[in-house]
Amino acid sequence: MNKDHYPSMGPLFDILLGPIKMAVLEAALELKIADILEQATELADIARALDIQTDVAGLGFFLDSMVSMGFVEKCGTQYTNTDFGKCFLCTTSPVYMGGFVKNITAMQYRNLSSIPHIVRNGPPQVAPGQDLTSETKWENAVAHLASYQRAGAARLAADLVESLPEYATATRLLDLGGGPGIMGMEMVRRRPGLSGVLMDLPGIIHLARKEVKKEGLDSRVSFIEGDYNEVDLGEEYDIIWASHNLYYVKNPVAFFRRVKAAMNHSGVFICLHEGLTEERTKPMSVVLSRLSLALEGQDVSFEKGQIAALLGEAGFGRVETRSFSLGMGEGELVVARKNK
């Protein structure tokens, strides 16, 4: 290495900002700043709403940091929410992301301070309720997933399904492991002749029923409760959709044969997951977000082409894949048709 031509230090400085950004976000959520800014905009009024009994300089510095991150706008001594802050940080918003952030950070951050210890001594015991196969864990998370899906993931999923030629004549759709059901409902809503079936664990379906009723789709959406490794998936589906939920399949080839059998003659299976590349080192966003889980023995990420290969083994007639850009990084879209 030429000492006169060292690599750029840019990545180092980007990394150093990460914990600060997270601290600002967590503080903003804890203090409910976005809620306050819907009622008070002057620095002095915001301080009163927070019952600050000391100098407001610290509040000003903190609000300025929120401005720098795009959560808040500033004009003189006035602070107002940006569209981002109003949508995602206000507790009254239908797409409030505070619970989602708390749930995700609990998974992604919990082992980070122990990396040296884990590397030397092996994975820690997974805490009760934190096992990825726990129904209780996902039952607790599903309400926060609803906000995430409603904020854009459902629209993205429905766009993908709507782009299929089969969608124009589809009458029956299965949302496999559908969680709160927001994705499946968006797919059904766009096509009047389409009925949907949401399939997930009983505790999750209990909450999905409430979402379906709230959206007025009771007559067009039905439910299957249970472990998708065991329950009857139904039959004669035109489309089966799955998104980031195939990690718990116990016998993949046998499972996908059951999925294939649940389709009608021209049925299509479409799923969206991460697809790790370069010997499981890319995309960085996926590798890093799954690190804490992997360190405790819960490595669930798929490699690029892995799902497609399993579908081929299961006898699907035609399998296609392509990269797809997600808010959390690159993903892999897999479309498999029952027959050629």
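The legends below describe close-up views of a predicted model.

**View 1. Crossing of helices H8 and H9.** The axes of H8 (residues 135-162) and H9 (residues 182-189) come within 8 Å and cross at roughly 45°. H8 is therefore oblique to H9 (angles under 35 degrees count as roughly parallel, over 145 as roughly antiparallel, 65 to 115 as roughly perpendicular and the rest as oblique). The crossing is right-handed.

**View 2. Residues in the contact between H8 and H9.** H8 contributes Ala146, Gln149, Arg150, Ala153, Ala154, Ala157, Ala158 and Val161, and H9 contributes Ile182, Met183, Glu186 and Met187 (contact means heavy atoms within 4.5 Å). By class, nine of these residues are nonpolar, one is polar and two are charged.

View 3. Aspartate 299 lies in the loop between helix H13 (291-295) and helix H14 (306-313). Its relative accessible area is 46%, so aspartate 299 is partly exposed (buried is under 20%, exposed over 50%, partly exposed in between, with a 1.4 Å probe and protein chains only). Neighbours within four places in sequence aside, aspartate 299 is in contact with Arg280, Leu293 and Ala294.

**View 4. Side chains of aspartate 299 and arginine 280.** The two side chains make a polar contact at 3.1 Å (a pair of N or O atoms within 3.5 Å, one able to donate a hydrogen and the other to accept it).

Residues are numbered from 1 along each chain as its sequence is written, and side-chain values use heavy atoms, without hydrogens and water. Local features need pLDDT of at least 70 and side-chain atom pairs count only at pLDDT 80 or more, whereas totals for chains, interfaces and linings use all residues.

Methods: Axes fitted to C-alpha atoms, helices over the stretch in contact; angles between N-to-C directions. Helix = DSSP H or I, 4+ residues; strand = E, 2+ residues; numbered from the N terminus. Left-handed = near helix turned anticlockwise from the far one by under 90°. Nonpolar A, V, L, I, M, F, W, Y, C, P; charged D, E, K, R; others polar.
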